[in-house]
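Hi there,

Here is the structure I promised to pass on to you. Please open it beside this email and follow along as you read.

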Amino acid sequence: VEGCGVSIFFRVSMYAPTTSPYGPPASLPPLPGAPPPMVSQPVYDYAPMETAAVASTKKLKVVAGVLGLLSILLLAATITLGILYGTKGGETTVTVAPTTGPPSGTNPCSGADPGFSSIDCFDSSGNVQALEQAGANVTSGYQGSFNASGRTPITTPLYAAGLCPVNVHWHLGTEHYSAGQYDETGSGPSTTVSSEQMGYQCTSYDSTDSKFTTAYNWQNCVNMQVGQTYEVHWPSSAAGACGTLNQYQTPFADGVFCNWATVGNTTYEQIGVQAQVFIVVNDESYYYPNLIRGMIVDATSGHGSDMALYTGSTTGSSKSNTVCSQYAPITWQVDRKCWPISASSFDKMCADMKAERDDMSSDLYPHGSRVLVADALAANNQVSADFTTYP
């Protein structure tokens, strides 16, 4: 019997005397139906049974302990999920773990931006006087009419060419155009929370699907919205402070030109921007945790399998087909597809940006999109690539 952690075993033996203390019994016939006379009972050795019982008890205690531990872990997981996922005023709330920045220190990239001013795209006679511009039409088969002869964009992923991302930021809507993916037929929420200039939108928005309409409680990003389209840019450079605490910079030109004296002056071979277009959904099955590191490339989902590569310039709503950027030519690598992504993926990226040594707070909101580049300012060197074939 086991109780209160103490095992007690009872040993029972039966003895029958072989002789009567009162002498031999009288010779009487047995009564009808009487049991046969009792004989001496054997004395059993209970030691093996006791050993087996103790071993069995120990096994039961181990099993009980394991089950208890599993119950505690399950309870903890349930409590954690309750904290991480919940609702607030009809919004979905996903708690993004707070991050802290690295130790403070000198920023060698501060002020590295050469500060090139914008120029008129055309002279008084209507001739193009700027270099090729971005963002362009990236529909498969498109070519601009600007003669970029002799300039070939980087055709491998930028990391494979020795460039590292030095910033991440995004634009409201898209600056590029991809027919059937993000174009003039795209749509989004009926009202926007940002006053920035809107670009094109993804064609996959569905107002009857709750993942496009259920609000999200943003904790790190600013002026963001579920159902909206954003074009994310990762400016990259061979002259960045790659692999150091100063790699990510705002403004991004500080990062691009941080160590410019150590590299060549062929800008389209040393500077590039990767771009990927997303429509934000309130659905955690589209969560990607490391957007700050660069664009998503995945052979299974197809991210990065249909890329448009060309040479262009920096962008932004201050640029147009009359006002051009002098930060050119640089390589552009643009995913032609629009991809759904969870709001929490963006919020995690913003949390990571807050943890960088340089102050990236002015990149935590969507920037305005420029108008589509005119054919006369778009390069005629666009090629396609599949980045999912790279390690």
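Cys164 and Cys242 are joined by a disulfide, with their sulfur atoms 2.1 Å apart; the term stands for a pair of cysteine sulfur atoms within 2.5 Å. Cys164 sits in strand 6 and Cys242 in the loop between strand 10 (229–237) and helix 2 (252–256), so this bond ties together parts that are 78 residues apart in sequence. The torsion about the S-S bond is -85 degrees, and the link of Cys164 and Cys242 is left-handed. Cys164 counts as buried because its relative accessibility is 8%, while Cys242, at 33%, is partly exposed. Buried means under 20% relative accessible area, exposed means over 50%, and partly exposed is in between (1.4 Å probe, protein chains only).

Before you go further, please keep in mind that this is a predicted model: local features need pLDDT of at least 70, side-chain atom pairs count only at pLDDT 80 or more, and totals for chains, interfaces and linings use all residues. Residues are numbered from 1 along each chain as its sequence is written, and side-chain values use heavy atoms, with hydrogens and water left out.

Now for the chain as a whole. It has 4 helices and 15 strands; these are DSSP runs (H or I with at least four residues for helices, E with at least two for strands), numbered from the N terminus. Of the 391 residues, 43% count as buried. The accessible surface comes to about 20000 Å², and 58% of that belongs to carbon and sulfur atoms; the areas come from the Shrake-Rupley method with a 1.4 Å probe, and for residues only the protein chains shown count as cover. Contact means heavy atoms within 4.5 Å. Among contacts in the protein chain with a separation of 6 or more, 81% are between residues 24 or more positions apart.

Back to the cysteines. How many disulfides does a search of the whole structure find? There are 5, and if you count the bonded cysteines along the chain, their pattern is 1-7, 2-8, 3-6, 4-9, 5-10.

One of them joins Cys121 to Cys324, with an S to S distance of 2.0 Å. This pair links distant parts of the chain, 203 residues apart: Cys121 is in the loop between strand 5 (119–120) and strand 6 (164–165), and Cys324 is in strand 13 (residues 323–324). The torsion about their S-S bond is about 110 degrees, so the disulfide is right-handed. Cys121 and Cys324 are both buried.

Another disulfide connects Cys202 and Cys338, also listed with S to S 2.0 Å. Cys202 belongs to strand 9 and Cys338 to strand 14 (residues 330–342), which puts the two 136 residues apart. Here the torsion is about 100 degrees, so the bond between Cys202 and Cys338 is right-handed. Both Cys202 and Cys338 are buried.

While you are at strand 9 (residues 201–202), have a look at Gln201, which is found there. Is Gln201 buried or exposed? Gln201 counts as buried because its relative accessibility is 14%. Its side chain makes a polar contact with the side chain of Gln228 at 2.6 Å. A polar contact is a pair of N or O atoms within 3.5 Å; within protein, one must be able to donate a hydrogen and the other to accept it, and residues adjacent in sequence count only if both atoms are side-chain atoms. Leaving aside neighbours within four places in sequence, the residues in contact with Gln201 include Tyr182, Asp183, Gln228 and Thr229.

The structure holds 4, each being a side-chain nitrogen of Lys or Arg within 4 Å of a carboxyl oxygen of Asp or Glu. In one, Asp306 pairs with Arg336, the closest N and O atoms being 2.8 Å apart. Asp306 lies in the loop between strand 11 (271–281) and strand 12 (307–312) and Arg336 in strand 14, so the pair ties together parts 30 residues apart in sequence. Asp306 is partly exposed, with a relative accessible area of 24%, whereas Arg336, at 4%, counts as buried. Glu132 and Arg151 form another salt bridge (2.8 Å, N to O), and both of these residues are buried. Lys211 and Asp209 also meet through their side chains, at 2.7 Å from N to O.

Happy exploring!
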